[in-house]
Every structure is written in C-alpha cells, then in structure tokens.
Amino acid sequence: MGYSQGIDSSKTNKSIDLLAGKFPEHKGVNELIARYKQMMAANSTPAAAGPNSKAQVTGTAAPDFTMNDVDGKPFTLSSLKGKYVLVDFWASWCQPCLMMAPEFKTAASQLPQVVFAKIQTDKYEQAAAPYNIRSLPTMVAFKNGKEIARQSGALPSAQIVQWVRSLNS
C-alpha cells in the first residue's frame, strides 16, 4: 500500500511545541512549523473514513487544472469532457510512487481510450488539495469532469488495467 499521510495530530502538536520552545529563533524550525500549520489548515475539512475510501468529492464536478499526460504533454481537465481520465497523484520522495510509475505508463499503453495523467503532489500541492489525497500513490478516475472512483497504493499494470475496466462495466 501507499504511504499514509494520516498522523496523530496530538503527538505531532506536542513535538511542534517542543521544537518551538527549544529553538525559538531557528529559521528552519520556524519554517517547518509554519509549513505544518499550513498543511493542517488545508486538511481541516472533514475527510472520508480512511485513505482508501472515496473522498467526499466523488461525484461532484472536479476543479479545472492543467496537468501533464504520461508523455509530459500539458492539457486541462476541462478539455477532456466525455473521456475517462485517470490521474496518478504521486510525490518524488514516495518510493511506492516511483515503483508504480512504469506500471502506470504500461497500463496507459494498454488503454488508449483512457487519458492517463500524473500530478506531482510535492510540486503542485494546490492541484491535489481539492481531492483530499491522504495516501500516495492515489489514482483518481474522472468521467465527464466528475470523480467516479479512487484507488490508493501501488499497483502493477495488470491490476490498474483491471480496475479501470471495472469502472466501465
């Protein structure tokens, strides 16, 4: 399965307070604390039951954004109305994400009727935020501009293909 971003906020808050108390003038510590507070504020909306469950955005219109396909060509989500779009939310530090990348590309070659795209969450956080991504990698399937399903965790190409085909049945 993918890396879970679920954290025990009470323990983390104690650690943050300890760091702030020990290093009140340290620029790096202050930046870390500010970043943590931003992350917690962004994730303060109610989440789904768990990282592998459907988020509350499933079935609602997806916000439009620009992303790259598996060959690195940019496009907007809105330009793909009527098509199935499978987006892999991943991060450069996530080993399961990196292991799944060639599998995702292989699956894309087997399903030419589906648009496969990738969003690097550590580079484009604002694109991932509306989807309440809690685990990496997470694949989100869209049809007609609406999220229809999601799957967390690294999968081999055969399982990706099987999952995508199951969405059409």
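How much space lies in the second largest cavity? About 30 Å³ lies there, where a cavity is a set of points on a 1 Å grid over the protein atoms alone at which a 1.4 Å probe fits but cannot get out, and where a volume is the space filled by probe spheres set on the points, which are joined across faces, edges and corners. The model is predicted, and local features need pLDDT of at least 70, side-chain atom pairs count only at pLDDT 80 or more, and totals for chains, interfaces and linings use all residues. Residues are numbered from 1 along each chain as its sequence is written, and side-chain values use heavy atoms, with hydrogens and water left out.

The second largest cavity is lined by Y84, V85, L86, V114, A141, F142, V164 and L167, lining residues being those with an atom within 4 Å of a point. Strand 4, strand 7 and helix 5 (157–167) are the elements that give two or more residues to this lining, and strand 4 gives the most, with 3 residues; helices (H or I, at least four residues) and strands (E, at least two) are DSSP runs numbered from the N terminus. By class the lining has 8 nonpolar, no polar and no charged residues, with Ala, Val, Leu, Ile, Met, Phe, Trp, Tyr, Cys and Pro counted as nonpolar, Asp, Glu, Lys and Arg as charged, and the others, Gly among them, as polar. V114 is placed in strand 5 (residues 114–120) and, at 9% relative accessibility, counts as buried, a word that means under 20% relative accessible area with a 1.4 Å probe and protein chains only. The C-alpha atoms of V114 and L86 are separated by 7.1 Å, although these residues are 28 apart along the chain.

The whole structure holds 3 aromatic pairs, meaning rings of Phe, Tyr and Trp (its six-membered ring) with centres within 6.5 Å, where planes under 30 degrees apart count as stacked, over 60 as edge-to-face and the rest as tilted. The ring centres of F89 and Y131 are 5.7 Å apart and their planes meet at 45 degrees, so this pair is tilted. F89 lies in strand 4 (residues 84–90) and Y131 in the loop between helix 4 (125–128) and strand 6 (135–136), so the pair ties together parts that are 42 residues apart in sequence. Y131 also forms an edge-to-face pair with F142, at 5.5 Å centre to centre and 80 degrees between the planes. F142, in strand 7 (residues 138–143), is 11 residues from Y131, and F89, Y131 and F142 form one aromatic cluster. F89 and Y131 are both buried, and F142 is buried too, with a relative accessible area of 1%.

The structure also holds 1 disulfide, a pair of cysteine sulfur atoms within 2.5 Å, which joins C94 to C97 with an S to S distance of 2.5 Å. The torsion about this S-S bond is about 80 degrees, so the disulfide is right-handed, and both C94 and C97 are buried.

Methods:
Buried means under 20% relative accessible area, exposed over 50%, partly exposed in between (1.4 Å probe, protein chains only). On a 1 Å grid over the protein atoms alone, a cavity is a set of points where a 1.4 Å probe fits but cannot get out, and a pocket is an open set with protein on both sides within 12 Å along at least five of seven lines; lining residues have an atom within 4 Å of a point.
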